[in-house]
Amino acid sequence: MYPDYEHLQRAAKDHLWMHFTRHSSYDEADVPIIVRGEGAYIYDAQGKRYLDGLAGLFVSQLGHGRTELADAAAAQAKELAFHPLWSYAHPAAIQLAEKVASYAPGDLNRVFFSSGGGESVETAWKLAKNYFKLTGRPMKHKVISRQIAYHGTTQGALSITGLPPLKQQFEPLVPSTFRAANTNIYRAPIHGDDPEAFGRWAADQIAVAIENEGPDTVAAVFLEPVQNAGGCFPPPPGYFQRVREICDEYDVLMVSDEVICAFGRLGHMFGAERYGYQPDMITCAKGITSGYAPLGAMIASDKLMEPFLEDGAMFAHGYTFGGHPVSTAVALKNLEIFEEEKVLENVRSNEGAFRATLERLLDLPIVGDVRGDGYFYGIELVKDTTTRETFSEEECERILFGFVSKQLYAEGLYCRADDRGDPVIQLSPPLICDQQHFDEMEQILRSVLEKAGQML
């Protein structure tokens, strides 16, 4: 038992406002308190071990307890704990910008640091609007994104998000954002048996959205390589290539939102590389430090930087902690370890086994679909695998949240049960995981989902 456990429980309930949390659920239950991590596992205040099947929140690429990263943070804090990037620079930020640019595809050579993913998305939208104003197209300010897609919680990023239930309580939000179809072929309204035709159709819906708003008013399209919300929608063959054609045709910037997908989650430094497309901007965060310090980035093409190099020009935007010395030093060490330990190669060599292990669950009547790429998967739960009938709202509450989510944790697996879209379980383990971890996940999932299926 962790020292002062009862006091921590009382203080958590009295003072800590947790994120995305139904606090009433802890009226008669203890708040889960995680106190340490080691490798692919985390431990709670009562000493129980859990497999970290979500890498914290798609973050802990190298796993827990990496003293090299803690040492890098301490060394930097002793030398220079803080200085902003507002008209000044420091070595760690310069070196990290150079490193990140070396990984980024094409001419994405300009790295603007933020504190996290939402700020990176916010930065990308502001840059798109600013760029078009400086280049004589001031009407171009609107954004197209996809249905059910999540892009962040700040006012701008939430406006781009395609999840109405998350947005309603904060409206009015920033205007001028519009939605197009996502790439959920499991529930495709058309071409569900032909991935290439479906991909072409889904991409063309972006062109329809641009035409509906007027190409002279649309600044950018925001897309995740694998869409997170809804349960891991990979792109169909040719999808991103067609989107690139559409963006070029209408003079619209293509933003690859890789807050989750960058830095190894899909077996490459960037998802754009995995799927073979060239964006105008990449937004990223999370895995850049493996969670050992907060950091995000917006990576832009040389073309987007050009108007800001004119005499007297300035991108009037920034964050106090964007490019923090400690965070950037940790990120540099993190990426050094990626190369030394061949982390990307580990994902690519094991992703087939991860998929195959999860696909064993398709023999359960409650499992409708297993989808994803790399170390990023969603398992969709259904009432009927033949008709693909989804859960009712009552069944989501009773089965997904009331039982599955709690029972997976009780049996030693930390992951995510989610109904943003249809009910899914999301798995995104640390990139150091291998077959023993995949088997452990599958065994716990099977035990819980067999019981859940009997509740329908």
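This talk covers the charged pairs, the surface charge and some backbone features of one predicted protein model.

Good morning. Let me begin with how the model was read. Because this is a predicted model, local features need pLDDT of at least 70 and side-chain atom pairs count only at pLDDT 80 or more, while totals for chains, interfaces and linings use all residues. Residues are numbered from 1 along each chain as its sequence is written, and side-chain values use heavy atoms, with hydrogens and water left out.

I turn to the salt bridges. Side chains of opposite charge can pair when their charged atoms come close. Here a salt bridge is a side-chain nitrogen of Lys or Arg within 4 Å of a carboxyl oxygen of Asp or Glu. A search of the whole structure finds 32 of them.

One of these joins the side chains of E339 and K99, at 3.0 Å from N to O. Where do E339 and K99 sit in the chain? E339 is in helix α12 and K99 is in helix α4, residues 91–103, so this pair links distant parts of the chain, 240 residues apart. A word on naming: helices (H or I, at least four residues) and strands (E, at least two) are DSSP runs, numbered from the N terminus. E339 is partly exposed, at 41% relative accessibility, and K99 is also partly exposed, with a relative accessible area of 27%. For these words, buried means under 20% relative accessible area, exposed means over 50%, and partly exposed lies in between, with a 1.4 Å probe and protein chains only.

A further salt bridge pairs E411 with K451, where the closest N and O atoms are 3.2 Å apart. This pair, too, links distant parts of the chain: E411 is in the loop between α14 (393–410) and β13 (413–414), K451 is in helix α15, and 40 residues separate them. E411 is partly exposed at 26%, and K451 is partly exposed at 37%.

The side chains of E389 and K383 also meet in a salt bridge, at 3.4 Å from N to O. E389 has a relative accessible area of 41% and K383 one of 33%. Please note also a network of salt bridges, which links R187, D369, R371, E380 and D422.

Next, the surface. Which residues gather in a patch of negative charge? They are D107, E306, E310 and D311. Such a patch is made of residues with over 30% relative accessible area and no salt bridge, like charges being joined within 9 Å. Among these residues, E310 lies in the loop between α11 (302–305) and α12 (325–340). Is E310 buried or exposed? E310 counts as exposed because its relative accessibility is 54%.

R420 counts as buried because its relative accessible area is 15%. The side chain of R420 makes a polar contact of 2.7 Å with the side chain of D418. A polar contact is a pair of N or O atoms within 3.5 Å; within protein, one must be able to donate a hydrogen and the other to accept it, and residues adjacent in sequence count only if both atoms are side-chain atoms.

Two loop residues show how the chain brings separate stretches together. V59, in the loop between α2 (55–58) and α3 (67–79), is 230 residues from T289 in sequence, and their C-alpha atoms are 8.1 Å apart in space. V59 is buried, at 15%. I432, in the loop between β15 and α15 (435–453), is 90 residues from K342 along the chain, with 9.8 Å between their C-alpha atoms. I432 is partly exposed, at 29%.

Finally, the backbone. Most residues other than glycine have a negative phi, and most peptide bonds are trans. Which residues does a cis peptide bond join? The bond lies between E171 and P172, with omega about 5°, and P172 is in the loop between α7 (164–167) and β6 (177–180).

Positive phi values also occur. I148 has a phi near 70° and lies in the loop between β5 (142–146) and α6 (155–160); I148 is partly exposed, at 22%. S290 has a phi near 55° and lies in the loop between β9 (281–284) and β10 (296–301). S290 counts as buried because its relative accessible area is 2%.

Thank you for your attention.

Methods:
Patch = residues over 30% accessible without salt bridge, like charges linked within 9 Å, V, L, I, M, F, W, Y side chains within 5 Å. Areas by Shrake-Rupley, 256 points an atom, 1.4 Å probe, with all protein chains shown as cover. Lys, Arg positive; Asp, Glu negative; His and termini not counted. Charge placed at Lys NZ, Arg CZ, Asp CG, Glu CD.
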